[in-house]
Protein chains: 2
Amino acid sequence: MPKQNTVFKDAYNRCLRLLVVGESLPSEPELCSLLGVSRTTVRSILSQMVESGLIEWNKRSKAVQRPPSRADYFPEHETSSLSDMIERTFMKRILMGGAEPGMQINELELAREIGVGTTSVREFLIRFSRFGLIEKRPNSHWVLKGFTRQFAEELTDVREMFELKSAAAFAGLPADDPAWVELESLRRAHVEVLADIDSRYLEFSELDDRLHRLIQQASGNRFIIDFYDIIAIVFHYHYQWNKANARERNGKAILEHLDYIEALKTRRPEAVEAACRLHLSSARQSLMQSLSTVA
Amino acid sequence: MPKQNTVFKDAYNRCLRLLVVGESLPSEPELCSLLGVSRTTVRSILSQMVESGLIEWNKRSKAVQRPPSRADYFPEHETSSLSDMIERTFMKRILMGGAEPGMQINELELAREIGVGTTSVREFLIRFSRFGLIEKRPNSHWVLKGFTRQFAEELTDVREMFELKSAAAFAGLPADDPAWVELESLRRAHVEVLADIDSRYLEFSELDDRLHRLIQQASGNRFIIDFYDIIAIVFHYHYQWNKANARERNGKAILEHLDYIEALKTRRPEAVEAACRLHLSSARQSLMQSLSTVA
DNA sequence: GAGCTGCACATTATCGACAAAGAACACGGA
DNA sequence: TCCGTGTTCTTTGTCGATAATGTGCAGCTC
């Protein structure tokens, strides 16, 4: 199979939610921007919807015939791209399963295990190598360097360097920069989650990602911004499978975030630096602690 | 053609230089480590040498029959790997040819132009993307972000952050660390080139690379060390095609390096930082200047 | 018994092929 | 005149196949 039609399936599912019985779907170009795909894909979706009796389609008119049912949706697992699947499987292996540093990684074996071609695995590994967890021996295998305490230290060292710089840049942003609006909206989101922390503490991850990305953005430096991808993927997968003390940890972090946000709003460099250092050292500490319980 | 035998050809050429008439080549495993290839490749080389009448091969004896001639060598251009070729062609295009930011990069076109399969080009682009000069639109083309003044500034900003940290770590290295020996040998190499600067100023690039890599190494941080690859490739190609004032620029830089090395040897943090800053700001300036003459 | 060779096998690098997804163009209706 | 549609063409993502290269094992030689 040359290419997965996951783009189609995912867009189809999202398009199902746009159906309102009695109304007509918007024009093709409009659907394109709504769904974020090309017209070719939109037209495939419309054709499929005609087949399923969901709509009648004649030129400009796309009249909705019936509401979508559970069965109209494609199964969720068919909607994620190949590389996402590979990423998940791979991360699971190296963060959970026994993944001693120095272990060899075999493209062919990985491909067979996941049930995809070698090319996809290869390209994934190349992309993934920039995260510093694996390394290639040319004409030979990849070597796993391991998600070790050492790795976590190197990662957080750079993170702190970068974020201090970004935070300082953020504080220096002109008053009419849209980032301030976004910051305020993030602050409110934090307060909301905090108010119901016992049942919503898992939403912290997303807040964390948004806040830190917003701050890195202020650096205006693509290397700093790109580096955050490494942080994000590591934290994402690590905490996804390691939820010990998550409730307590996240509650504390939200409070730190709020302090951090307040400090940014004062635009006083010393206040920003202090809050930034405090939060980062606390994040480092949680990561290190959770590492010792695993490895 | 499934795979280029460039490893074979390159190793063969290097092996030719080991031939001494009347003597025998060493054992297969020894040749392996000498040439940095596997036994399979060594045996292919030996077979080929038998075919060419260069040696007689019987088990452990590999008696050299005649000295290699010019014609025995494979042409140089056949000895570099596919990805090196792609890299060179690509860098030439984006650093020399009109490469306006925002331009689209077409995998297929690139592949045809270079005369390789799309897979190789694709993998190269993925690897190359970490340098921040291109960016992928999924399911669509790559976008060239351009080797602009902006890029150079972002690059050098991070470089300065990292190198200051590395230099400080270097100064703190224990007295018996092998890096000190290497540093001294590098210092002597600088002095030698400086003594004959008019004819040897082109050797500066290599000295530069060695010195900075040695310093980054001291950070013990893979992200810092890996980042230097970006610096290296940019400087390598940029100055390779832009030799204006090279003689003067390199002479000045060598003097700065010598100061920098002396400062490191004092192991006094302030002296190290001062010399480091001085050299880096001068390097930044040359890069910016050479950029304005080009773009 | 330590290291070398001979051999068989495993894995990587590269290609061409093909379906999915994107992009360009001309026509036609408001 | 402008936007939407119908159509066609280009490019990407993924696969299986194949030569180059690397790796492991058994027996041989010093």
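Is A:Arg247 buried, partly exposed or exposed? In this predicted model, A:Arg247 has a relative accessible area of 34% and is therefore partly exposed. The residue takes part in a salt bridge with A:Asp198, in which the closest N and O atoms are 2.5 Å apart. Because A:Arg247 belongs to helix H12 (residues 246-266) of chain A and A:Asp198 to helix H9 (residues 197-200) of chain A, the pair ties together parts that are 49 residues apart in sequence. A:Asp198 is exposed, its relative accessible area being 56%.

**Salt bridges**

Over all chains, the structure holds 50 salt bridges. The table lists several, including the one just described.

| Salt bridge | Closest N to O distance |
|---|---|
| A:Arg247 and A:Asp198 | 2.5 Å |
| A:Arg130 and A:Asp229 | 3.2 Å |
| B:Glu256 and B:Lys252 | 3.7 Å |

B:Glu256 and B:Lys252 are 4 residues apart in helix H12 (residues 246-266) of chain B, so about one helical turn separates them. Of these two, B:Glu256 is buried, with a relative accessible area of 10%, and B:Lys252 is partly exposed, with 49%. In chain A, salt bridges with shared partners join A:Arg130, A:Asp209, A:Arg213 and A:Asp229 into one network.

**Domains of chain A**

Chain A is assigned domain 1 (6-77), domain 2 (82-144) and domain 3 (149-294). The C-alpha centres of domain 2 and domain 3 of chain A are 28 Å apart. Their contact involves 11 residues from domain 2 of chain A and 8 residues from domain 3 of chain A. Between them these two domains bury about 970 Å², with 75% of that area on carbon and sulfur atoms. Within the area that domain 2 of chain A buries against domain 3 of chain A, 48% comes from A:Leu95, A:Arg130 and A:Phe131, more than from any other three residues. The two domains are also linked by 1 salt bridge.

**The interface between the chains**

The size of an interface is often given as the accessible area lost when the parts come together. For chain B and chain A this buried area is about 2,500 Å², 59% of it on carbon and sulfur atoms. Each side is represented in the contact, with 28 residues from chain B and 28 residues from chain A. Across this interface there are 4 salt bridges.

**Aromatic residues**

How many aromatic pairs are there over all chains? The count is 29. One of them is the edge-to-face pair of A:Phe227 and B:Phe223, with 5.3 Å centre to centre and 85° between the planes. This pair crosses between chains, joining helix H11 (residues 222-240) of chain A to helix H11 (residues 222-240) of chain B. A:Phe227 is buried at 8% relative accessibility, and B:Phe223 is buried at 8% as well. Both residues belong to one aromatic cluster, whose members include A:Phe147, A:Phe151, B:Phe147 and B:Phe151.

Charged side chains also meet rings. A:Arg159 lies over the face of A:Phe235, 5.3 Å from the ring centre. In chain B, the charged end of B:Arg159 sits over the ring of B:Phe235, 5.3 Å from its centre.

Technical notes:
Residues are numbered from 1 along each chain as its sequence is written. Chains are lettered from A and ligands numbered from 1 in the order in which they are written. This is a predicted model: local features need pLDDT of at least 70, side-chain atom pairs count only at pLDDT 80 or more; totals for chains, interfaces and linings use all residues. Side-chain values use heavy atoms; hydrogens and water are left out. Rings of Phe, Tyr and Trp (its six-membered ring) pair if their centres lie within 6.5 Å; planes under 30 degrees apart count as stacked, over 60 as edge-to-face and the rest as tilted. Helices (H or I, at least four residues) and strands (E, at least two) are DSSP runs, numbered from the N terminus. Buried means under 20% relative accessible area, exposed over 50%, partly exposed in between (1.4 Å probe, protein chains only). A charge sits over a ring if NZ of Lys or CZ of Arg is within 6 Å of the ring centre and within 35 degrees of the ring normal. Domain bounds come from an automatic or database domain assignment. Contact means heavy atoms within 4.5 Å. Buried area is the accessible area (1.4 Å probe) that two parts lose on being put together, summed over both. A salt bridge is a side-chain nitrogen of Lys or Arg within 4 Å of a carboxyl oxygen of Asp or Glu.
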